[in-house]
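I opened this model to look up its fold, its core and its pocket, and I keep my notes below in the order in which I went.

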Amino acid sequence: MLESHGASRMLASFHDILPHWVFTGLYFSDTFIQKNPDIVKATVAGLLKSFDFIKNHEQQARMHMPKYTGMDLDTCMISALREYSSPYKPKELLERQRDVMLQYGYLDKKLDIDHMIDYSFLPEGLRRSE
């Protein structure tokens, strides 16, 4: 966005520098999942549908950005969009990322990845690397 104002220019994206790094996720408590499995399933399905729409209709998707970001349309049309890959991330990748966070003090202790990841709400074809 700063590039559109002449204040900077992008040299590389996060995805260029840290390929496969997980920047975000979708989080629900165990209690919420147990009480609202249909809401969780619908949320995951809606998110995947939106990723597909953005990937296949980028310009049309950008037209919605001013309403939700407060940015002007020209800025939205040149702003970088995240690269959407499979929502499945191998356990080894997540463990490596956890270990880097431990090394740099962003985590206090080594967390068990198995208690944090649940791919059961993904459609069958997306539950593993494709």
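Among contacts in the chain between residues at least 6 apart in sequence, what percentage join residues at least 24 apart? I found 44%, where contact means heavy atoms within 4.5 Å.

Before going further I noted that this is a predicted model, in which local features need pLDDT of at least 70 and side-chain atom pairs count only at pLDDT 80 or more, while totals for chains, interfaces and linings use all residues. Residues are numbered from 1 along each chain as its sequence is written, and side-chain values use heavy atoms, with hydrogens and water left out.

**Confidence and fold.** I looked up pLDDT (the predictor's confidence in each residue, from 0 to 100) and found a chain mean of 83, with 85% of the residues reaching 70 or more. Confidence is lowest in H1, at a mean of 72, and highest in H2, at 94. I counted 7 helices and 0 strands, taken as DSSP runs numbered from the N terminus (helices H or I, at least four residues; strands E, at least two).

Of the 130 residues in the chain, 18% are buried, on a scale where buried means under 20% relative accessible area, exposed over 50% and partly exposed in between (1.4 Å probe, protein chains only).

I then followed Val 40, which, leaving aside neighbours within four places in sequence, is in contact with Phe 28, Phe 32, Ile 33 and Phe 121. Phe 28 sits in the loop between helix H1 (14–17) and H2, and its C-alpha atom is separated from that of Val 40 by 7.9 Å, the two being 12 residues apart along the chain. Phe 28 counts as partly exposed because its relative accessibility is 27%.

The largest pocket has a volume of about 1300 Å³, the space filled by probe spheres set on grid points joined across faces, edges and corners. A pocket here is an open set of points on a 1 Å grid where a 1.4 Å probe fits, with protein on both sides within 12 Å along at least five of seven lines, and lining residues have an atom within 4 Å of a point. Of the 38 lining residues, the closest to the centre are Thr 24, Gly 25, Leu 26, Tyr 27 and Ile 117. H3 gives the most to this lining, with 5 residues.
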